[in-house]
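Dear colleague,

I am passing on the structure below, together with notes on its sheets and on the surroundings of its ligand. Please read the notes with the coordinates open beside them.

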Amino acid sequence: MEHNYDVVVIGAGNGGLSAAASSAKMGLKTLLIEQHNLPGGFATSFVRGRFEFEPSLHEFCNIGTADDQGPARQLIDSYGVAVEWVPIEDAYRVITTGEGADNLDIIMPFGEDAYVDRMEEYVPSSRPSMEKFMALCKDIMDALAFIRKSSGKVDTKVMMKEHSNFLKCGGYSVNRVLKSLHMPEKAQRILCAYWCYLGVDCDKTNFALYATMLYKYLQTGAWIPKQRSHELSAGMDKRIREMGGDIWYNTRAKRILMKDGKITGVDTSHGTINCSHIIAGCSPNAIFGEMMDEKDVPEKQKRMVNARNFGGRGFVLYLGLNRSAEELGLKDYSYFIYGSMNTAKEVARAKDFNDHPMQATVCLNVANPDCSPKGTCIMSFTTLYTQDVWGDISTDEYVTKKREVAENMIRDFEEHVGVTLTQYIEEIEIATPVTMARYTLNPQGTMYSYESSDWDTLLARLMMLKDDQIVPGIRFAGGYGPRIYGYSSTYMNGDLTARLTATDIREEKAL
Ligand SMILES: Cc1cc2nc3c(=O)[nH]c(=O)nc-3n(C[C@H](O)[C@H](O)[C@H](O)COP(=O)(O)OP(=O)(O)OC[C@H]3O[C@@H](n4cnc5c(N)ncnc54)[C@H](O)[C@@H]3O)c2cc1C
């Protein structure tokens with residue numbers, strides 16, 4: 001039987017689901033293939049004993065309330081997917097365990113004014129520079145909205161006239177811009193606490209990227225789906241089919257088929273599919289390095305792939321505890337525990353194993369009290385590695401190492417938050433970068449696709465949108481796409497790539 005589609009989407013992670021939904025909604029004949037038996041990639045759930053764990057999501061940004069919707073909620077709603085969203089109360093509690101200025105324990109709220117007020121409490125006289133920072137964030141958001149609307153054809157004259165602040169500081173690092181605002185050093189460091197959501201230090205993180213991420217969290221808060229991110233992914237599956245799209249699970253893309261430099265189809269574990277357009281929710285390394293003949297990959301494309309670095313590789317410890325959050329004394333949802341507030345130092349520590357890995361830890365029940373049976377709670381402890389250290393571990397060392405890292409993280413949490421967890425552990429699961437690589441096929445188990453730093457930032461990717469499609473007919477929808485990684489961004493990437501693909505198809509037909 002012949003299978004003919006306008007678009008084949010490879011991988012049902014957030015980006016692939018969004019691309020397939022958008023493509024089906026626009027009336028394109030769409031097939032989504034996924035090697036696993038479930039949708040979502042990282043956006044899923046798993047069950048151990050009486051607990052259903054959230055594998056990845058801590059904070060989904062750009063959701064907002066039903067009355068004041070953020071762009072991600074608008075997009076998901078536009079697909080017709082109903083999700084029960086649960087708000088997170090505070091932005092973060094950050095604990096740093098060093099000496100002097102590196103010994104902090106503070107809680108920062110959502111809301112622009114509340115954030116500035118709280119900063120003033122912790123760092124007197126920070127207000128003027130914080131207000132300037134917020135105004136700059138707004139300018140940058142406006143500029144990005146303009147770039148987004150331009151779909152790859154940015155009018156540089158308008159940019160220079162109306163978005164000059166963006167051009168002035170968009171290319172600099174976070175630290176450089178914060179210094180130029182004369183922000184007190186302590187405030188700069190508190191403001192940079194979200195660095196672990198990007199995995200890059202603030203000397204290298206692009207200001208526009210960080211500013212928009214933080215500002216979006218402050219403006220619209222953070223949210224999670226009540227039934228884990230699987231609720232969203234399962235809802236997407238249903239709507240893609242209802243809108244006329246097909247989904248094949250347990251189907252792995254193996255080869256990209258080409259003739260005379262043009263895409264003609266995809267060879268999969270379930271046969272050949274004919275199509276002229278592919279939206280990849282998997283990595284460019286897999287597409288160009290494994291699925292295409294080397295002769296078909298343009299030199300520029302090879303250089304582009306080789307020049308990029310993988311982002312942080314994730315390690316997560318999941319605990320199901322037989323005491324409630326209140327009984328354990330856990331009042332906060334999100335805890336960042338760092339050795340210091342110096343992001344360069346922290347990133348350098350994450351290059352290798354160390355006895356006190358940084359951690360971004362969440363107690364799900366604080367935001368979502370009914371997520372586990374009464375008298376219990378769920379926690380997840382995440383750390384990241386900026387190098388492929390888990391790739392060098394021998395099979396014999398693997399189990400010992402993962403237990404060691406998990407024990408270190410529990411010990412540090414107990415010590416610095418002042419709670420006891422160990423004796424109440426009922427279920428324990430550990431996902432290393434090796435687990436993540438096997439589950440999602442992301443190279444080296446990266447949870448942040450390609451690192452977004454230096455030259456390869458959100459800004460550069462958006463400005464180069466038009467030139468970034470080196471092999472006609474292939475675009476990247478997930479974390480490797482133009483708007484980079486993260487839940488909100490991958491959903492946006494999916495929609496953007498589907499719309500660009502629809503334009504390509506229309507233009508081809510018009511020829
Ligand atoms: C522990 C952790 C915590 C995180 N916390 C947050 C957070 O709080 N907020 C946030 O915004 N982001 C967070 N992220 C990041 C976020 O989860 C990712 O950026 C996002 O889910 C990536 O989506 P994606 O579309 O790139 O696809 P992925 O989730 O990487 O999925 C790719 C899919 O493609 C499939 N696939 C790959 N190759 C093939 C093939 N050849 N054939 C068929 N199928 C294939 C895979 O099976 C997989 O389903 C976190 C990630 C992790 C791991």
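This is a predicted model: local features need pLDDT of at least 70, side-chain atom pairs count only at pLDDT 80 or more; totals for chains, interfaces and linings use all residues.

In what order do the strands of the seven-stranded open sheet follow one another? The order is β7-β6-β15-β16-β17-β14-β18, and the pairing is mixed. Residues are numbered from 1 along each chain as its sequence is written, and side-chain values use heavy atoms, with hydrogens and water left out.

As for the terms, helices (H or I, at least four residues) and strands (E, at least two) are DSSP runs numbered from the N terminus, and two strands are said to pair if DSSP finds at least two bridges between them.

The mixed sheet

At the edges of this sheet stand β7 (103-109) and β18 (425-431), each of which has a single partner strand, so one side of each is left without a neighbour in the sheet. On average, and with direction ignored, neighbouring strands here are turned by 15° against each other; axes are lines fitted to C-alpha atoms, for helices over the stretch in contact, and angles run from 0 to 180 degrees between N-to-C directions. Within the sheet, β16 (residues 359-363) and β17 (residues 377-385) run antiparallel and are joined by four bridges, and valine 362 stands opposite serine 380 in β17. Helix α3 (residues 112-122) lies across β6 (90-97) and β7, running at about 155° to β7, where contact means heavy atoms within 4.5 Å.

The parallel sheet

A further open sheet is formed by five strands in the order β9-β2-β1-β13-β19, with parallel pairing. Its edge strands, β9 (246-248) and β19 (474-476), each pair on one side only, and the twist from one strand to the next averages 20°. Three bridges link β13 (residues 277-280) to β19 in the parallel sense, and isoleucine 278 has isoleucine 474 as its bridge partner in β19. Helix α19 (residues 487-510) lies across β1 (7-10), β13 and β19, and runs at about 170° to β13.

The ligand

For glutamate 59, a polar backbone atom lies 2.9 Å from an oxygen atom of the ligand. The protein covers 96% of the 1000 Å² of accessible area that the ligand has on its own, an area that comes from the Shrake-Rupley method with a 1.4 Å probe.

The hairpin

Finally, β11 (residues 262-268) and β12 (residues 271-274) pair in the antiparallel sense over four bridges, and a hairpin of two residues joins them. Here glycine 265 has asparagine 274 in β12 as its bridge partner.

Notes. A polar contact is a pair of N or O atoms within 3.5 Å; within protein, one must be able to donate a hydrogen and the other to accept it, and residues adjacent in sequence count only if both atoms are side-chain atoms.
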